[in-house]
Amino acid sequence: MTAPRRNGGLIQVGLPSWVYLPATVGALFVIVPLVAILLKIDWAHFIPLITSESSVAALLLSLRTASASTAVCVLLGVPMALVLARGRFPGQSALRALVLLPLVLPPVVGGIALLYTFGRQGLLGHQLDLLGIRIAFSTTAVVLAQSFVSLPFLVVSLEGALRSAGSGYEHIAATLGARPTTVLRTVTVPLVLPGLMSGAVLAFARSLGEFGATLTFAGSLQGVTRTLPLEIYLQRETDADAAVALSLLLIVVAAVIVIASASRRLTGPL
Amino acid sequence: MRSIVGIATALSVTALVVGCSSSQTDSASTTSAEASPTSTAITGDVTVFAAASLKSTFTELGTRFEKDNPGTSVTFNFAGSSDLVAQLTQGAPADVFTSADTNNMTKAVDAGLLTSDPVNFALNTLTIVTPPGNPKGIASFADLASPGTQVVVCAPQVPCGSATEKVEQATGVALTPVSEESAVTDVLGKITSGQADAGLVYVTDANGAGDKVTAIPFPESSGAVNTYPIAVLKESTNPAAAQKFVDLVTGPQGQEVLAAAGFAAP
């Protein structure tokens, strides 16, 4: 494995065999807890547990809010990534650090920050109140919380894609007389579409799993603000079997997203 | 959150192991000849799993216990009662367990975690809390159901929520809360941050929040009283010290600290 092999003129460098040991430990560290959940499932009651009124309401709300926040992330995140990757202005690196901050913040801190921004007595709460907009305890609050924590995921992956794609083709298009919007639409966006897709998938997955910011900022009410992670947390208080069943449901939804995006990346353009 | 509890548990285990080994070496060096294993002196570590609502009172009592019994160290794991029972049944090492309701203590009894019957040492009741000054002018439990009033309560699955349900049934007033939180501290947070008009929390939580909330006691709360039991665990590695801590909580000193925080005597 360590000896270089010739393959069609290219020298293939094998991995050092010791790498496989920590890699296996790492894989088991992720896989064993998932197996543990599977073993803990009460299969006889699994279907009734995940089709109960509260579970279905939580799943639908989660899918709805995660889709909405992914849309928000794409609408705001694509321009942000373009500005960070292609724009040139003073304080750019400081701005990048700031907008990526939610990536490393504990979500509960994000929730508190949102509370003091959009909450009833928050920074913008009074103005919003005058406009007749009440965000507290509404589904909008859930989408805001999810968008806040997911946005940096989309920005980071799209910015990376933009940087690695380079601006060569854009320059050529521009020298051929294309206006900036035309370049963006016909060259840049198609070029980084796989990066945009994987960024959107990441944002959706992160939104689906959002817990801390939602709990702190939006509250918890069936069908309105109680998403699947909040429902799992609550069910755990009285019915461990229901919590485990719902956990599996969330794992399955997440796995479907990850697998779908992986196969898309393999078969998609580029 | 689970992982934080896990880390806290792991840390307390480490503290327990370190505490034990150091106290053993200490006693070995001072009493070289006669190392009697049945010594009655209270030393070593006591790990207490306690309901989250006991945080401030038990922290104070822990400090007092360590002062009264030099050579001891009290480690706490504060969490929701049902979390604590789940951790104990999964084998978390602890000496003393207290829950915020009898339900969860019954679970511990049924799981065979105790050596003797638990002792009830405190009572807690619900109170209405509003942002400071009570801007909505809420005066009774029935006022919570008036239209346009945003009320936050605990979900029925947690002890404070089941107490809320009991009061609703007793009064015939059906609340339409804007949020059903999974912890009483989350209800309090929604009030201190001014998000909601009123909430239902324990008297002790309202006391602890000081002037960040206005508490409005209501007579119907007597229909739903939470009882706090305490017990020494079967798996305790330091049962003598554990019993002494239980004695402190149930004794006059403990009762005085609990009463100051708003708990009633059982």
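Helices (H or I, at least four residues) and strands (E, at least two) are DSSP runs, numbered from the N terminus. By that rule, B:Asn134 falls in the loop between strand S5 (126–130) and strand S6 (151–154) of chain B. The model is a predicted one, in which local features need pLDDT of at least 70, side-chain atom pairs count only at pLDDT 80 or more, and totals for chains, interfaces and linings use all residues. Residues are numbered from 1 along each chain as its sequence is written, while chains are lettered from A and ligands numbered from 1 in the order in which they are written.

B:Asn134 is not a glycine, yet its phi is positive, at about 50 degrees. B:Asn134 has 17 other C-beta atoms within 10 Å, which makes it partly exposed (buried means 20 or more other C-beta atoms within 10 Å of a residue's own, exposed means 12 or fewer, and partly exposed is in between, with C-beta atoms placed from the backbone). A:Phe137 sits in the loop between helix H6 (125–130) and helix H7 (139–165) of chain A, and with 24 other C-beta atoms within 10 Å it is buried.

Chain B as a whole has nine helices and 10 strands. Of its 266 residues, 46% count as buried. Taking the contacts in chain B with a separation of 6 or more, 77% come from residues 24 or more positions apart; a contact here means two C-beta atoms, placed from the backbone, within 7 Å. Where the two meet, seven residues of domain 1 are in contact with nine residues of domain 2. The domain 1 side of that meeting has two nonpolar residues, four polar and one charged (nonpolar covers Ala, Val, Leu, Ile, Met, Phe, Trp, Tyr, Cys and Pro; charged covers Asp, Glu, Lys and Arg; the others, Gly among them, are polar).

What about the two chains together? Here 17 residues of chain B are in contact with 15 residues of chain A. On the chain B side, strand S7 (179–181) and helix H6 (184–192) are the elements that give two or more residues, and S7(B) gives the most, with three. That side of chain B has four nonpolar, nine polar and four charged residues.

Within chain A, the axes of helix H3 (residues 53–86) and helix H10 (residues 193–209) come within 8 Å and cross at roughly 140 degrees. These axes are lines fitted to C-alpha atoms, for helices over the stretch in contact, with angles running from 0 to 180 degrees between N-to-C directions. H3(A) is therefore oblique to H10(A) (under 35 degrees is roughly parallel, over 145 roughly antiparallel, 65 to 115 roughly perpendicular, and the rest oblique). Residues making the contact include A:Ser62, A:Cys73 and A:Val78 of H3(A), along with A:Leu196, A:Phe204 and A:Leu208 of H10(A). By class, this contact has nine nonpolar, five polar and no charged residues.

Helix H10 of chain A also holds A:Gly209, whose C-alpha atom is separated by 8.0 Å from that of A:Leu228, 19 residues apart along the chain.
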